[in-house]
Amino acid sequence: MASVNRILLLCLLSAVSAANEIKAAVRLEKDGADWVVSSPMADGNFLFRVPGDFRRAKAPAGEAVHLTTGDETAGARISLRIHRVGADKAAKGAPAAARGEKLLAMGAAGAGEPSWEGERDRSLATLEYREGSVDALRFALCLADGDRLYVLTLDCWPRDHALLDDLRAIAHGFSLLETKGLPPAPDKPASGKPEWIAHAYYRLNLMRPAGFATKKVDPAADKGIYLHLRRVDEQKNVCDIRVRVLLKKTVKQKTAARAQMRIDVFANKYPGAKVPRKPKRARWPGADEAYRFKLAGKTKTFVFTEEWRLIEHGNGRLYEIQMTMYGAAERAWKKDLRLFWKQLKITR
């Protein structure tokens with residue numbers, strides 16, 4: 001009776017979720033012996049690499065990607081669903097595992113209880129089931145981003161299939177071209193005490209200094225923007241801290257060239273600006289490459305300085321931190337600003 005109820009539940013779930021599935025234009029491009037499977041940022045917004053053994057097959061309703069190799073006795077399959085979550089639920093920030101739990105066992109007859117690993121926004125489940133008369137194994141990646149839930153299922157049968165390790169590697173290598181994050185939150189007022197801010201997907205831990213408010217950000221207008229902090233005092237001193245995070249594979253420029261571009265844009269925008277001839281190399285734990293520089297400019301009404309850090313990290317991300325200080329902000333909040341840089345942590 002329980003198995004009948006499970007089948008009915010899966011059928012009902014399939015019918016209900018189909019309306020929320022996002023279709024995507026998918027490209028398969030050969031890269032050496034592998035395929036690169038991708039969909040543009042404005043569409044499916046994903047990229048992953050699979051062995052050349054796989055071939056595209058007709059995707060069942062609701063699937064954006066369906067790849068297979070082998071036959072009924074020994075084979076493997078990769079399926080991707082992009083499920084739209086209601087904005088209200090997305091704003092509550094439910095863990096990816098909770099959002100994807102009902103989807104990860106679809107089509108896996110007799111699936112056992114999954115085991116989980118990973119983080120809040122990106123979790124990987126492993127479960128055993130039967131593929132026809134053969135014991136099978138499934139990895140199911142649940143990745144939450146804004147109002148989207150990506151569920152990537154990777155199956156092989158028998159359980160010790162030669163592609164087993166490749167499938168796990170595919171799950172870990174699945175990437176979004178641009179992260180949307182949660183829907184924009186309202187401005188958060190300044191706090192009298194420092195406050196820690198962490199983001200698992202961006203691999204960031206930082207401190208919001210005392211007196212700084214959190215401002216709403218718009219990734220559509222400012223590519224990669226994750227966080228905007230601001231402090232203003234009665235003397236109209238102002239400090240803005242903007243943190244941008246980009247996947248390195250989506251950035252065409254080398255990091256040194258990008259840092260130079262930031263300097264050149266500033267120099268051209270503010271005649272007479274004091275800028276270095278080129279960005280200074282810096283050290284940062286875990287970084288493949290890092291740069292830091294300081295810029296000074298003025299307009300008819302105010303003077304200001306900018307401090308920049310560009311960090312190409314070993315975790316595959318490029319971080320841009322821009323601190324802009326107007327008036328006497330640099331001197332007035334020197335201790336707090338130094339503490340911000342000191343407490344900024346990037347992890348793998």
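Predicted model: local features only at pLDDT ≥ 70, side-chain atom pairs only at ≥ 80, totals over all residues.
Select residues 255-269, which make up helix H5; its 15 residues reach 21 Å from the first C-alpha to the last, close to the 21 Å expected at 1.5 Å a residue. Now colour Thr 255, Arg 258, Ala 259, Ile 263 and Phe 266, which are buried in H5. Because these residues cover an arc of only 140 degrees around the axis, they lie on the same side of H5.

Toward E18, E19 runs antiparallel and is joined by 11 bridges, with Val 303 in E19 as the bridge partner of Lys 298, and the two strands form a hairpin with 4 residues between them. Toward E20, E19 is again antiparallel, here with 9 bridges, and Glu 312 stands opposite Leu 318 in E20. The hairpin of E19 and E20 has 3 residues between the strands, and Gly 316 in its turn shows a positive phi of about 90 degrees.

Finally, move to the open sheet of 4 strands, paired antiparallel in the order E1-E2-E3-E11. Strand E1 (27-31) and strand E11 (175-176) each have a single partner strand, so one side of each is left without a neighbour in the sheet. Select residues 164-173 to see helix H4, which packs on this sheet and touches E3 and E11, its direction making about 165 degrees with that of E3.

Technical notes
Residues numbered from 1 in each chain as written. Heavy atoms only, no water. Pairing = 2+ DSSP bridges. Contact = heavy atoms within 4.5 Å. Axes fitted to C-alpha atoms, helices over the stretch in contact; angles between N-to-C directions. Expected span 1.5 Å × (residues − 1). Buried < 20%, exposed > 50% of the residue type's maximum accessible area, 1.4 Å probe, protein only. Arc of directions from axis to C-beta.
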